[in-house]
Amino acid sequence: MFASMSGSVAFDTLKFVEKLEAGGFARPQAKAAAEAFAEAMSQELATKADLSAAEGSLRTEIGKVRTELTAEISKVRTELKAEIADFRSELKAEIAEVRTELKAEIAEVRTELKAEIAEVRSDLKTEIASVRSDVELAKRDLKIWFGSIMVVAVGVILAAIRYLPVGHP
């Protein structure tokens, strides 16, 4: 008797019983063993064709997953590049803004310093003019004083000459 099922292997139980009997088994033992073996064989066991089909299916599925992962990695790479480019642009804009602010502050400080320098120069010019005026006044006063001393000295010399005895060498 042959037991054949879809997806199972054909098994001749009569031949199996006969071989067991030839090997020393009693008929009831050989029959029980053949039935147990036939029942075990009737379970769905994977054949080489089943395994080959499963392998092909798995390879196809792995290929699909590989393709999906490659596409996902490419998508993430593109997104990251875009984010990096956006971040780079934002940083450049911020740097440009800071530069502009710094240039404005530097220009403001320069203007303030120029104004302070101009004020100091003006104050110095005023002070120098005042000192010059004071020096001119001091020169005039010295000339007057020196002239007065000269007049007094000449007067003293003339008086001394008048009181000198005449005829003295």
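A: One term before we start: partly exposed means a relative accessible area between the buried limit, under 20%, and the exposed limit, over 50%. Also, this is a predicted model.

Q: OK, so is phenylalanine 37 buried, exposed or partly exposed?
A: Phenylalanine 37 is partly exposed, because its relative accessibility is 35%.

Q: How many aromatic pairs does the structure hold?
A: One aromatic pair. Phenylalanine 37 forms it with phenylalanine 16. The pair is stacked, with 5.1 Å centre to centre and 15° between the planes.

Q: Which parts of the chain does the pair link?
A: Distant ones. Phenylalanine 16 sits in helix 1, residues 13-22. Phenylalanine 37 sits in helix 2, residues 27-42.

Q: What lies in the loop between helix 1 and helix 2?
A: Glycine 24, for one, lies in that loop. Glycine 24 is exposed, at 63% relative accessible area.

Q: Zooming out, what's the order of elements from the N terminus?
A: It runs β-β-α-α-α. That comes to three helices and two strands.

Q: Is the protein a compact globule or more spread out?
A: More spread out, because the radius of gyration is 64 Å, well over the 15 Å the globule rule gives for 169 residues.

Q: What box do the C-alpha atoms fill?
A: Roughly 195 × 35 × 20 Å, taken along the principal axes.

Q: Where is leucine 142 found?
A: In helix 3, which covers residues 48-162. Leucine 142 is exposed, with a relative accessible area of 54%.

Q: How far apart are leucine 142 and lysine 114?
A: 40 Å in space, C-alpha to C-alpha. In sequence, leucine 142 and lysine 114 are 28 residues apart.

Q: What percentage of the residues count as buried?
A: 6% of the 169 residues.

Q: And the accessible surface, what does it come to?
A: About 14,900 Å². Carbon and sulfur atoms account for 63% of it.

Q: Switching to charges: how many positive and negative?
A: 24 positive and 28 negative. Their mean positions are 11 Å apart.

Q: Last one. What share of the contacts with a separation of 6 or more comes from residues 24 or more positions apart?
A: 31% of them.

Conventions. Residues numbered from 1 in each chain as written. Predicted model: local features only at pLDDT ≥ 70, side-chain atom pairs only at ≥ 80, totals over all residues. Heavy atoms only, no water. Helix = DSSP H or I, 4+ residues; strand = E, 2+ residues; numbered from the N terminus. Rg over C-alpha atoms; globule rule 2.2 N^0.38 Å. Buried < 20%, exposed > 50% of the residue type's maximum accessible area, 1.4 Å probe, protein only. Contact = heavy atoms within 4.5 Å. Areas by Shrake-Rupley, 256 points an atom, 1.4 Å probe, with all protein chains shown as cover. Lys, Arg positive; Asp, Glu negative; His and termini not counted. Charge placed at Lys NZ, Arg CZ, Asp CG, Glu CD. Phe/Tyr/Trp six-rings, centres within 6.5 Å; stacked < 30°, edge-to-face > 60°.
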